[in-house]
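Student: Could we go through this structure together, beginning with the strands and then turning to the contacts between chains?

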Amino acid sequence: MTWDWQVFCKDTIDGEVRAGCFGSGGDITYLDWMLSAWGWTLSVAVLALVVALVVGSLMGIFRTTPSKALVALGNAWTELFRNIPLLVQVFLWYHVLPALIPPLKSVPSFILVVFALGFFTSARIAEQVKAGIQSLPKGQRYAGLAMGFTLPQTYRYVLLPMAFRIVIPPLTSESMNIIKNSSVAFAVSIAELTMFAMQAQEETSRGIEVYLAVTGLYFASAFVVNRIALFIEHRVAVPGMVGSK
Amino acid sequence: MKKTLLVLAMAVAAGVAHADTLKKIKDSGAVTMGVRESSGALSYTLGDGKYVGYHVEICQKVLADVQKSLGLAKLDIKYQPVTSQNRIPLVQNGTVDIECGSTTNNAARQKDVAFAVTTFVEEVRIAVKANSGITGIGQLNGKSVATTTGTTSVQTLRKHERATGVDFKEVFGKDHADSFLLLESGRADAFVMDGAILAGNIAKAKNPAEFKLVGEVLSVEPIAIMIRKDDPAFKKAVDDSIKAMMKSGEIAKLWSKWFEQPIPPANTKVGMPANDNTKAAWANPNDKPMEDYAKK
C-alpha cells in the first residue's frame with residue numbers, strides 16, 4: 001500500500017496535478033471540490049440544527065403544558081418524526097410530497113433536506129427538552145404561578161432557564177449527530193462530503209486517501225461543535241443550580 | 001510470540017509480492033469469483049447465493065479451462081459479492097481471485113490491478129422521454145440532467161459541459177433506480193449513463209415506450225474481467241481461454257443469450273445487440289485502457 005496524497009491536487013477535468021493544489025481560472029481540483037463539499041455539509045447541518053432547535057424546543061415545551069391539545073400535538077409530532085428512518089423521510093420529502101403537492105417541485109432539494117433533517121432531529125430534541133422540564137421539581141412551576149406569572153412567563157423566567165442548562169449535554173450529542181446525519185443529503189443530489197467521497201474515489205481510484213480526508217473533516221467538524229457546546233455549558237453555568245458543578 | 005508474528009507478517013508480505021494465483025488454486029482446489037448483486041445482465045444475483053450473467057458465465061468457462069490445465073479433479077468455485085467501492089481492494093488483498101462484474105479498464109486502475117482482454121465495450125448514452133423532442137446533448141442547455149453518484153458518467157458529463165460550453169443542471173441519484181425515477185417523475189429531462197444500464201431500466205419501466213435513447217455516444221469504456229497485478233501466468237491462462245471463445249464465436253452466442261434472449265428471473269429481454277466497438281474488441285482481443293479509446 002503506497003500513499004498518493006497528490007490526488008487532491010489533481011484537476012477534476014484532465015486529472016493533471018496543479019501547482020499549489022488550488023485550481024485557477026475556473027479549473028477545479030479535488031481539494032477545491034472537497035472544501036466546497038465541506039461547506040455544503042456544514043450549511044445543511046447548521047441550518048437543520050436551527051430548525052431542529054426551534055421546532056424541537058417548541059414541541060418539547062408543548063408536551064409539558066397543561067393543555068391536552070398541545071400535549072397531543074407535541075406527542076404526535078415526536079412519534080411521527082422519530083419512528084420513520086431518516087433516509088426514508090428524506091425520500092418522502094424529495095419524491096413523494098412533490099408528487100402530491102406539485103408546487104413543491106420547484107423548491108430546491110437543499111431546502112427540502114434541511115427541513116427533513118431538521119424535523120427528524122426536532123423529535124429527538126423535543127424528547128430531551130421535555131425530559132429537562134420534567135426533571136425540575138413540580139414546586140417550581142407552582143411557585144412561578146403563585147407569584148402571579150402567566151404560564152408563558154413561568155416557562156420563560158422559571159422553568160426554561162434551568163431546563164435548558166440541564167439538557168445541554170444531550171443537545172451537544174444531537175448537534176454532533178446532525179453533522180454526521182447530514183450525509184444523507186447525498187441521496188437528494190446535494191454535493192456534500194459523502195457524495196464527494198463516493199464520486200472522487202471512483203474517479204481517482206484512491207479511495208483510501210479520499211475517505212481518510214473526508215473522515216478527518218467529519219471528525220473535526222463534530223469535535224468543534226463539541227468544544228463550542230462545552231464552552232457554552234461552562235459559560236452559562238450558575239453555581240448551585242441543578243446540573244452545574 | 002513476537003517471532004511468530006514476524007514470520008507470519010513476512011509470509012503475508014511474500015504472498016502479496018509473488019501473487020501466483022494458479023498455484024493458489026492448485027494447492028487449495030478452490031477459487032473465489034467476485035460477482036455483483038445487480039450489474040445489468042453482466043453480473044447479477046438470482047437470490048439464494050446464485051449469481052449469473054454474461055461475465056459470470058465467461059468466468060465459469062475460463063475457470064473450467066484453468067481446472068483442466070491444472071489437472072484438478074474438482075474445483076470449488078466460491079462466489080463473493082463485491083461493490084464498486086470494495087472490488088479493487090478485495091482483488092489486491094487476495095480475497096477475490098477473479099472479478100466478473102462490470103469494471104471499466106482504465107489507466108488509474110491498471111496501477112493497482114490487471115485486466116483480462118476486453119469482453120464488452122460500453123457506450124455512455126442519453127435517455128430521455130420519447131415525447132421530449134430532445135435529440136442530442138446540444139439541446140440540453142439549461143435542462144436538468146440526471147446521473148448516478150459514484151460512476152464515471154459524472155466525470156464524462158463534466159468534461160462535456162466544459163468542452164462544449166453547454167450549461168446544464170446536474171442532479172445525482174444515489175443509485176441507477178433512483179436516477180431513473182428522477183427522469184420518470186420529470187425532475188430531470190435526461191439520464192446519462194452506460195447504454196446497457198439505460199436499456200435495462202427502460203425495459204423494466206412501467207411503460208417502456210415512453211423512453212428512448214438518443215444522441216451521440218458520449219464516451220466509450222472497455223469493461224473487462226479483473227485479476228491481480230503482476231501475475232503473468234494467471235493472466236495468460238485467462239486471456240487464452242477468453243481469446244479461444246472469441247475465435248470460436250462462442251462469446252457472440254453468450255452475448256445473444258444474455259442480452260438478446262429472455263433472461264431469468266423475470267424472463268424479460270434486455271434487447272441490446274452487441275455494438276461495433278464490442279465486435280471490434282472480439283475480433284482483435286486487447287486489454288487497452290479507456291484512455292486509448294478516447295484518443296481516436
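Tutor: Two strands count as paired if DSSP finds at least two bridges between them. Please bear in mind that the model is predicted.

Student: With that in mind, how many bridges join β3(B) and β4(B)?
Tutor: There are 3 bridges, and the pairing of β3(B) with β4(B), residues 50-52 of chain B, is antiparallel. Within this pair, B:Gly47 has B:Lys50 as its bridge partner in β4(B).

Student: What lies between β3(B) and β4(B)?
Tutor: The two strands form a hairpin with 2 residues between them. In the turn, B:Asp48 has a positive phi of about 65°.

Student: Changing topic: how many residues of chain B are in contact with chain A?
Tutor: In chain B, 20 residues are in contact with 16 residues of chain A. On the side of chain B that touches chain A, α5 (107-110), α6 (152-164) and β10 (169-173) of chain B each supply at least two residues.

Student: Which element gives the largest share?
Tutor: That is α6(B), with 6 residues of the side of chain B that touches chain A.

Student: What is the make-up of that side by class?
Tutor: The side of chain B that touches chain A comprises 6 nonpolar, 8 polar and 6 charged residues.

Methods: Residues are numbered from 1 along each chain as its sequence is written. Chains are lettered from A and ligands numbered from 1 in the order in which they are written. This is a predicted model: local features need pLDDT of at least 70, side-chain atom pairs count only at pLDDT 80 or more; totals for chains, interfaces and linings use all residues. Helices (H or I, at least four residues) and strands (E, at least two) are DSSP runs, numbered from the N terminus. Two residues are in contact if their C-beta atoms, placed from the backbone, lie within 7 Å. Ala, Val, Leu, Ile, Met, Phe, Trp, Tyr, Cys and Pro count as nonpolar, Asp, Glu, Lys and Arg as charged, and the others, Gly among them, as polar.
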